[in-house]
Amino acid sequence: MLYPRAKQALDRLSRLLDHPRGTRMPSIAIYGDSGMGKTMIMSRFRDEHPPSFNPLTGTLKTPVLAMEMTSPPGERRFYAELLTLLGAPQRPRADIAQMEQAALRIMEAIGVQVLVIDEVHNILAGTYREQRIVLNTLRFLSNRLQISLVCFGVNEAREAIAAMSNSPDGSNS
Ligand SMILES: Nc1ncnc2c1ncn2[C@@H]1O[C@H](COP(=O)(O)OP(=O)(O)O)[C@@H](O)[C@H]1O
Ligand SMILES: [Mg+2]
């Protein structure tokens with residue numbers, strides 16, 4: 001990716017942080033060939049919006065949370081990764097509902113506004129059912145926390161993921 005295009009992408013991402021909380025938060029998907037600078041954009045975006053301490057509330061605010069989609073994809077793996085990133089790894093036998101609750105509680109507490117997911121094409125390595133579940137998990141987090149999603153993936157994944165994300169009923173295979 002050329003420098004001006006990277007700058008343009010970063011500006012687009014930054015505008016997500018100005019968007020007021022609401023029921024339908026905007027999300028952005030960026031696809032590009034491997035080596036085009038997607039991960040670099042993600043790191044820059046995170047570094048430009050680092051966690052900051054709010055002395056009034058005594059809490060740390062983390063506007064941008066960035067992670068990599070697990071491979072193989074799966075709801076449990078996804079939440080385990082997310083919780084580790086949040087500094088709250090779970091007991092190996094925690095059930096998914098508990099992991100989900102912990103993730104929601106912590107993300108709410110630290111004021112996450114944008115969840116960035118790199119290597120989102122890893123979703124496609126799962127079965128159709130697994131793909132649906134992971135996409136629904138992302139959608140659930142976005143809706144429940146009123147946060148924006150930013151997904152980075154390789155070009156080849158664009159159509160497959162767009163088709164999945166747009167199909168209205170995804171709850172089963
Ligand atoms: N705009 C840029 N300016 C300078 N170096 C860049 C730029 N974009 C990417 N790079 C470099 O190119 C390499 C590949 O970038 P990366 O972000 O890993 O690509 P991708 O995630 O799309 O596969 C990295 O070494 C990165 O530092
Ligand atoms: Mg990358």
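**Reading the fold**

Author: Along the sequence, the pattern is α-β-α-β-β-β-α-α-β-α-β-α, with helices (H or I, at least four residues) and strands (E, at least two) taken as DSSP runs numbered from the N terminus. The radius of gyration, taken over C-alpha atoms, is 16 Å, close to the 16 Å that the globule rule gives for 173 residues, so the protein is as compact as a globular protein of that length. That rule is 2.2 Å times the number of residues to the power 0.38. Before we go on: this is a predicted model, where local features need pLDDT of at least 70, side-chain atom pairs count only at pLDDT 80 or more, and totals for chains, interfaces and linings use all residues. Residues are numbered from 1 along each chain as its sequence is written, while chains are lettered from A and ligands numbered from 1 in the order in which they are written.

Reader: In what order do the four strands form the open sheet?

Author: Strands pair if DSSP finds at least two bridges between them. Here the order is 1-6-5-4, with parallel pairing. Strand 1 (28–32) and strand 4 (64–68) are the edges, each with a single partner strand, so one side of each has no neighbour in the sheet. Strand 1 is joined to strand 6 (residues 148–154) by five bridges, and isoleucine 28 sits opposite valine 150 in strand 6.

Reader: Which residues are closest to ligand 1?

Author: A residue counts as near if its C-beta atom, placed from the backbone, lies within 6 Å. Eleven residues surround ligand 1, and the closest are Ala6, Gly37, Lys38, Thr39 and Met40. Helix 1 (3–16) and helix 2 (38–48) each supply at least two residues of that shell; helix 2 gives the largest share, three residues.

Reader: Is isoleucine 123 buried or exposed?

Author: You count other C-beta atoms, placed from the backbone, within 10 Å: 20 or more is buried, 12 or fewer is exposed, and in between is partly exposed. Isoleucine 123 has 29, so it's buried. You'll find isoleucine 123 in the loop between strand 5 (114–118) and helix 5 (128–145).

Reader: What does isoleucine 123 touch?

Author: Contact means C-beta atoms, placed from the backbone, within 7 Å. Leaving out residues up to four places away in sequence, isoleucine 123 touches Met69, Pro73, Gln131, Val134, Leu135 and Ile161. Proline 73 is 50 residues from isoleucine 123 in sequence, yet 5.4 Å away in space, C-alpha to C-alpha.

Definitions and conventions
Two residues are in contact if their C-beta atoms, placed from the backbone, lie within 7 Å.
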